[in-house]
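Morning, everyone. Please have a look at it first.

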Amino acid sequence: MFFLLVGLLMRQAPNTVKQNVVSSILGSILYPAQMAMSSLDAYRSVVAENEQLKQENARLRQETYYASEGLQELTRLHALVRFDDKWGFPIVTARVVGHNPGRFLTTMVINRGTHHGVHENMPVFSMNGLVGKVTKASYGYARVQLLVDPNLKLSVMERRTRVVGFLESVDGLMLSAMVPTHAGVKVGDTLITSGLGGIFPKGIPVGTVKTVRQADLDVMRQMYVEPFQEFSTLEEVFVMEKEPDWIIQEMLDE
């Protein structure tokens, strides 16, 4: 009945009134759909903005990471200048790109070789201390024998007493050296390279004495040494471009 009366009134109403009524009715019918479409567009806009913010956040985090890594590397290289000045040999910076697959970490591969001036028997160290020596070098890579390799023997000096001994690996982890009893080496003392043997220059930090015990001979003491460098965490090392003093080796072998 209501719609019938509205229809009769519409027939007699002026055109202006008819248009206003039709517009009002259409607006009432289409308003919910328009609101839904507007909400959908707003939702899509928020999703797109959120995705853009996520990408921007990831990019900023990556840039912060690279900046932090660059700052750390700059700090290490700045400190490295003191090493270069101390021994008077050029230094090659290298990154660790491989480890030996055995039970114990005894060798690693670095991304510098003969093309960069790296050759066999050159000393390798980090900012913490001695790492080992180069045992094989190709054009772009080199293999490094680590200090904890049982096959590596090293002449060391205790910094306080100046006593000299030969250091070797016990089990691929701990290092051991024999020194005279009268030397008075104590727990906490520091070992450095002695400079004997023609390979390593004198003064590279090696490790700290952890325990001292009586050896089989009464006149000797056995020290167990913890190296300064944690080899499993090495990311980059420094190769000292020092050629071996073969004349020393030859005279020692005579």
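Start with the hairpin that joins β3 to β4 through four residues. Strands here, like helices, are DSSP runs numbered from the N terminus: a strand is E with at least two residues, a helix is H or I with at least four. β4 covers residues 130-137, and three bridges join β3 to this strand, the two running antiparallel. I call two strands paired if DSSP finds at least two bridges between them.

Before going on, the ground rules. This is a predicted model, where local features need pLDDT of at least 70 and side-chain atom pairs count only at pLDDT 80 or more, while totals for chains, interfaces and linings use all residues. Residues are numbered from 1 along each chain as its sequence is written, and side-chain values use heavy atoms, with hydrogens and water left out.

Back to the strands. β4 also forms a hairpin with β5, with four residues between them. Those two strands run antiparallel and are joined by five bridges. Lys-133 has Gln-145 in β5 as its bridge partner. Gln-145 in β5 also stands opposite Thr-107. That takes us to β2, which pairs with β5, residues 142-146, in the antiparallel sense over four bridges.

What order do the six strands of the barrel take? They close as β1-β2-β5-β4-β3-β12, with antiparallel pairing. Neighbouring strands of this sheet are turned by 45° against each other on average, direction ignored; the axes are lines fitted to C-alpha atoms, and angles run from 0 to 180 degrees between N-to-C directions.

Now the loop residue. Asn-111 is in the loop between β2 (107-110) and β3 (123-125). Its side chain reaches the backbone nitrogen of Arg-95 at 2.7 Å. Neighbours within four places in sequence aside, Asn-111 is in contact, meaning heavy atoms within 4.5 Å, with Ala-94, Arg-95, Val-97, His-116, Gly-140 and Tyr-141.

Last, the chain as a whole. It has three helices and 12 strands. Of its 254 residues, 35% count as buried, that is, under 20% relative accessible area with a 1.4 Å probe, protein chains only. Among contacts between residues at least 6 apart in sequence, 58% join residues at least 24 apart. The accessible surface, from the Shrake-Rupley method with a 1.4 Å probe, comes to about 16000 Å², and 58% of that belongs to carbon and sulfur atoms.

How values were computed: Polar contact = N/O pair within 3.5 Å; in protein donor to acceptor, adjacent residues only side chain to side chain. Buried < 20%, exposed > 50% of the residue type's maximum accessible area, 1.4 Å probe, protein only.
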